[in-house]
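This briefing covers selected local features, salt bridges and the chain interface of the structure shown here. Please read it alongside the sequence and the coordinates.

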Amino acid sequence: MTDASVPRAVTPSVGDTWLTFWFTPAPVQPLAVARILTGLLGLLLAWSYASDLLEWFGPDGWVPVDVAKSWRPRWGMSLYDAAVTPGQVQAMFGGTVAALVAVTIGLGSRLASVVAAVLWASLLHRGPMLVGPADDCLSVLLWCLAVGPCGNAWSVDAWLADRAGRRLVDRSSWARVSWGLLLVHASVITLAALLAQVRGDVWWDGTAAWWLASRAGAIDLRAWYLTSEYLLNLVTHAIVAFEIAFAVSLWFEPTRQAVAWVALVAWPLVGMLAGEPLWGAAMAIFAVPCAMDDISRR
Amino acid sequence: MVVVPEGRWGPGGLIDGSLRAEAEASQTTVSGAGGHVNARSLRGPGNPGETLWRRLRGRITLGGVTPAEPRSDDAPRADRPSEAVCAAVTIALAAYLIGLVLAVATNSLGGSSPLLGTIKSRVFSPVLVPAWLDLGYDYRLTYGGLEDADHDLTIAAHDDASAAVERPGDRRGERAARWRRLARTIASGNFDEDGSVVAAGAARGGFRLLQVGDVEITVDRLQPPERNASTLDATRQEASTARIRRVEGDVQLIRKEPPSELAPRLRPAAPPRSSPEATP
């Protein structure tokens with residue numbers, strides 16, 4: 001650590017910046033909010049599997065185990081492969097849902113996050129062709145939460161500790177690591193999506209919003225777009241502009257919280273416009289800890 | 001007003017040493033009630049920075065001036081992990097961030113270089129792939145092309161088209177989206193060259209549902225209209241059709257080319273009309 005007798009440099013070194021960014025103790029409350037929302041998102045996504053679970057993964061299902069295995073990349077594996085009877089598939093899925101419930105209510109939070117992340121990854125590997133952007137983001141969110149003490153506030157864990165007379169830490173360096181990982185992923189996912197989008201002409205000529213609106217599950221604004229081409233162009237360019245602003249502004253303290261608050265509304269809106277509302281919700285969850293940045297400074 | 005500088009409360013750092021340095025710089029004097037004060041000995045449970053400050057207040061003055069409340073970003077520093085832990089976590093974080101960049105670079109729509117692909121597969125894939133973190137995040141949303149249109153699929157008994165199941169049917173939301181992804185995979189062959197493996201696998205579900213061993217699986221593409229079209233209704237196009245049957249336990253797939261991909265039918269050239277002049 002810093003030697004007291006040595007005068008500190010005016011400009012912080014790369015090492016100092018790294019240590020400050022990743023290890024300055026941060027409050028656990030933003031992480032707790034992200035945990036609750038992630039758990040709820042996970043339950044919604046699990047619900048979308050539940051009704052057709054056996055039709056997909058049961059014996060003689062649409063996605064047989066041997067076919068799923070042949071599609072996986074090397075190192076891909078799924079605990080669901082071991083489930084061959086309907087009862088076993090349902091039990092495995094029940095375990096996944098239970099882990100997500102535990103994450104939501106904050107029961108054994110860190111362990112629950114790890115278990116939920118492992119089981120969720122297994123479920124996705126069992127049928128990779130069914131996976132959408134929201135599923136990917138949920139996986140990332142669960143791993144990020146597992147790093148920090150996400151159950152130290154607003155959780156069953158905190159309540160149990162309080163009853164037992166123990167006090168859980170409300171600031172932690174691990175919370176900061178978790179916060180940092182969420183921030184990095186929010187920026188990287190947005191940049192990667194942006195780079196993929198701008199390869200298409202429709203994002204340049206301003207007509208992407210038209211094609212998005214025609215997708216099932218999207219808000220159909222085509223009647224409005226027919227009235228004004230400028231409106232169509234504006235919506236298309238606004239999506240791109242927001243993504244650029246979000247990916248970049250998160251890295252600057254003066255703009256971080258403001259853009260995160262905008263993102264809490266904008267990401268779900270983009271998701272609904274694109275027919276991927278749960279992906280929009282997942283991206284908003286990445287922004288939650290940054291939106292609560294003032295708690296960190298307090 | 002003197003502010004206790006950030007970075008002087010780290011584990012092992014001597015509070016009185018840092019204060020003395022500060023005092024010398026500002027030509028003030030330090031008086032401490034307890035003399036030598038070690039930061040580590042003052043760390044407590046809960047919020048160590050605040051605890052430390054509470055214990056220090058009133059015991060140390062700078063030239064008769066009580067130091068101001070520490071800045072909010074000073075306090076947390078006391079809770080940083082040890083150097084060894086920081087170093088270990090730093091290595092883990094750096095490794096993961098490299099893996100993240102490689103995952104994005106090698107899973108992009110534009111393909112990947114053999115060099116990056118080899119590095120990723122040898123070093124990072126054993127961790128990233130099982131955890132479902134080997135992702136490109138290339139969510140383009142739309143390019144307005146055929147592959148971005150909604151797809152649905154129908155499985156019918158080969159000899160009885162009235163016995164058919166449609167997916168997603170009346171399903172909605174993410175549940176319907178999963179069936180559309182399956183249909184798109186069969187049509188576009190994202191996982192294999194022409195989607196045959198997926199189609200053959202999906203047909204097994206059709207065998208069970210329809211109680212037959214010979215089915216026809218059809219994927220329709222719902223191509224949305226251009227903005228200047230006269231209607232907002234999507235055009236239904238057949239994107240992929242295959243007959244799949246079970247013969248003595250083996251699954252056979254006979255792919256049918258959709259009409260849109262067949263070469264146009266050539267009309268036989270009309271025989272040259274004999275000109276009246278040529279008629280004898």
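P168(B) sits in the loop that runs between β4 and α6 (173-188) of chain B; helices (H or I, at least four residues) and strands (E, at least two) are DSSP runs, numbered from the N terminus. The peptide bond leading from R167(B) into P168(B) is cis, and its omega is near 10°. The model is predicted, so local features need pLDDT of at least 70 and side-chain atom pairs count only at pLDDT 80 or more, while totals for chains, interfaces and linings use all residues. Residues are numbered from 1 along each chain as its sequence is written, chains are lettered from A and ligands numbered from 1 in the order in which they are written, and side-chain values use heavy atoms, with hydrogens and water left out.

**Salt bridges around R167(B)**

- R167(B) also forms a salt bridge with E55(A), with the closest N and O atoms 2.5 Å apart; a salt bridge is a side-chain nitrogen of Lys or Arg within 4 Å of a carboxyl oxygen of Asp or Glu.
- This pair crosses between chains: R167(B) belongs to strand β4 (residues 160-167) of chain B, and E55(A) to helix α3 (residues 53-57) of chain A.
- R167(B) and E55(A) are both buried, where buried means under 20% relative accessible area, exposed over 50%, and partly exposed in between (1.4 Å probe, protein chains only).
- A salt bridge also joins the side chains of D52(A) and R171(B), at 3.1 Å from N to O.
- A network of salt bridges links D52(A), E55(A), R167(B), R171(B) and R175(B).

**Salt bridges within a chain**

- Side chains of opposite charge can pair when their charged atoms come close.
- In chain A, D220(A) and R222(A) form a salt bridge whose closest N and O atoms are 3.0 Å apart.
- D220(A) is partly exposed because its relative accessible area is 42%, whereas R222(A) counts as buried because its relative accessibility is 8%.
- In chain B, the side chains of R243(B) and D214(B) meet in a salt bridge of 2.7 Å, N to O.
- That pair links distant parts of the chain, 29 residues apart: R243(B) is in strand β6 (residues 235-247) of chain B and D214(B) in strand β5 (residues 214-223) of chain B.
- Both R243(B) and D214(B) are buried.
- Over all chains, the rule counts 16 salt bridges.

**Interface of chain A and chain B**

- Contact (heavy atoms within 4.5 Å) involves 87 residues of chain A and 77 residues of chain B.
- The two chains bury about 7600 Å² between them, 64% of it on carbon and sulfur atoms; buried area is the accessible area (1.4 Å probe) that two parts lose on being put together, summed over both.
- Seven salt bridges are found across the interface of chain A and chain B.
- There are 31 residue pairs in polar contact between chain A and chain B, both residues at pLDDT 80 or more; a polar contact is a pair of N or O atoms within 3.5 Å, where within protein one must be able to donate a hydrogen and the other to accept it, and residues adjacent in sequence count only if both atoms are side-chain atoms.
- On the side of chain A that touches chain B, helix α9 (residues 173-197) of chain A gives the most, with 12 residues.
- That side of chain A divides into 52 nonpolar, 18 polar and 17 charged residues; Ala, Val, Leu, Ile, Met, Phe, Trp, Tyr, Cys and Pro count as nonpolar, Asp, Glu, Lys and Arg as charged, and the others, Gly among them, as polar.

**Q197(A)**

- Q197(A) lies in helix α9 of chain A and counts as buried because its relative accessibility is 0%.
- A polar atom of the side chain of Q197(A) lies 3.3 Å from the backbone oxygen of Y139(B).
- Not counting residues up to four places away in sequence, Q197(A) touches W203(A), E243(A), Y139(B), R140(B), L141(B) and Y143(B).

**Helix α14 of chain A**

- Helix α14 (residues 277-291) of chain A has 15 residues and reaches 20 Å from its first C-alpha to its last.
- This span is close to the expected 21 Å, which is 1.5 Å times one less than the number of residues.
- α14(A) is mostly covered, with 13 of its 15 residues buried.

- W75(A), not a glycine, has a positive phi of about 80° and is found in the loop between α4 (65-71) and α5 (86-105) of chain A.
- W75(A) is partly exposed because its relative accessible area is 32%.
- Q211(B) has a positive phi near 60° and is found in the loop between α7 (196-210) and β5 of chain B.
- Q211(B) is exposed because its relative accessible area is 66%.
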